Amino acid sequence: MPSALDTNMRFKFSALALLLEVIIIVLFGLFVEYDSNNVSQNTIYPFFQDVHVMIFVGFGFLMTFLKKYGFSSVGINMLIAALGLQWGTLMQGFWHMKGGKISVDIKSMINADFSTATALISFGAVLGKTSPVQMLILTILEITIFACNEHLVTEILQATDVGASMTIHAFGAYFGLAVALVLYRPGLKNKHENEESTYHSDIFAMIGTLFLWLFWPSFNSAIAHDQDSRTKAIVNTYYSLAACTVVTFALSSLVDQRGKFSMVLIQNATLAGGVAVGTCADMSIYPFAAMCIGSIAGIISVLGFKFLTPFMASKLNIQDTCGVHNLHGLPGILGGIAGIIVTAVRKEIRATARFTPDMQAAALGSTIAIALAGGILTGGILKLPFLGQASDQNCFDDSVYWEVPEEEKLYEIHSNNHDEHSRFEATM
């Protein structure tokens, strides 16, 4: 029988989820309408499909590496995405209302998916250590703050960030790291027994990597302003990812004492090239420059996983479960820096806007500052005791929030008995 605490928390989650959905439906009824004047949107529907797959399949399966947290990785990812794309439509739409209405079309759906990506990146930083109630609140707060920062970057500062290296990847990573800092658990300083992978869980995570890797050119080109820019973004992302992957494999073997490949690095660092080239993907940088960016991204991502993640956990009290700092944070900063350099070297003019290195630098700085401040604020809210954070011993375990198949439970019991028997024999 479930405890009173379990029943109470289940009621809180259901009540909050239903309340949020009712509020969203009401707001949609009041403000949202079709953009009937935009008849050319169907041409970008394939890009929307690719981005949608990345959000629900790519991000979801990438986080299934934990041996007992696969249900939550894919399932909570789906919950966050479904809630986030609705809330993102509203939060981004409020900045672009016409006649008191928010017009929706395929491009707005792509942007809604983009806003959801920030929450999913932050989810990776606190994976296994938060409750579903906490993730609902994080999604609402983060997407709200993201929409404000995006408006600042694109409309006020008039910076370019077509693949959102700064506004999505760096923002989501540092927001999540700030939340992880506030929610720091001293009891998990010594690695939790479930905070590890198995052979099969790593294969599932690799599925997420492959989906993200294949569709990343669509992610970086989906909202390009014309066909020429879109083609440049696709080509540059394509070659950046390829170069990054080769460099990642090389360094993965190099940094290992036995010269073996690390599945953690292959799952994550191979994607860093797509993140890093995002800001300047649609600029005339030529493929060789994109490959250089991808190669550098692979290097900093591998070194980040090898040296920076342990340092942050032991010295800075930031427990980054998925290593989002190395996949999204550092490559996102690299992308922002690349944008500064490119706009300083080349004149980039779109419509009435001319992109300058000053504004690109301001966009990068403001994004990181707002992400850190927003993450600290959100972490403080999530730390409130009535939100039902799991105890340290229940972290990284699906059975706390999910109905786990009986055969899995029996297997766990059998494995524990076998381990005890083996330990007994070892003492004889």
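Leaving aside residues up to four places away in sequence, Trp216 touches Met54, His169, Thr237, Leu241, Leu271, Gly274 and Val275; contact means heavy atoms within 4.5 Å. The model is predicted: local features need pLDDT of at least 70 and side-chain atom pairs pLDDT 80 or more, while totals for chains, interfaces and linings use all residues. Residues are numbered from 1 along each chain as its sequence is written, and side-chain values use heavy atoms, without hydrogens and water.

Trp216, Leu127 and Ile168 touch the most other members of the largest nonpolar core, which has 70 residues. Such a core is a set of buried Ala, Val, Leu, Ile, Met, Phe, Trp, Tyr and Cys residues joined through side-chain atoms within 4.5 Å. Helices that each supply at least two residues of this core include α2 (45–62), α7 (199–221) and α13. The largest share, 10 residues, comes from α6.

## Helix α13

Helices are DSSP runs (H or I, at least four residues) and strands are runs of E, at least two, numbered from the N terminus.

Among the buried residues of α13 are Gln360, Leu364, Ile368 and Leu382. Buried means under 20% relative accessible area, exposed over 50%, and partly exposed in between (1.4 Å probe, protein chains only). The buried residues of α13 pack against α5 (132–156), α6 (165–182), α12 (324–345) and β4 (353–355).

## Cysteines

The whole structure has 0 disulfides, a disulfide being a pair of cysteine sulfur atoms within 2.5 Å. Cys395 is buried, at 0% relative accessible area, and its sulfur is 14 Å from the closest cysteine sulfur, in Cys322, too far for a bond. Cys148 is partly exposed, at 37%.
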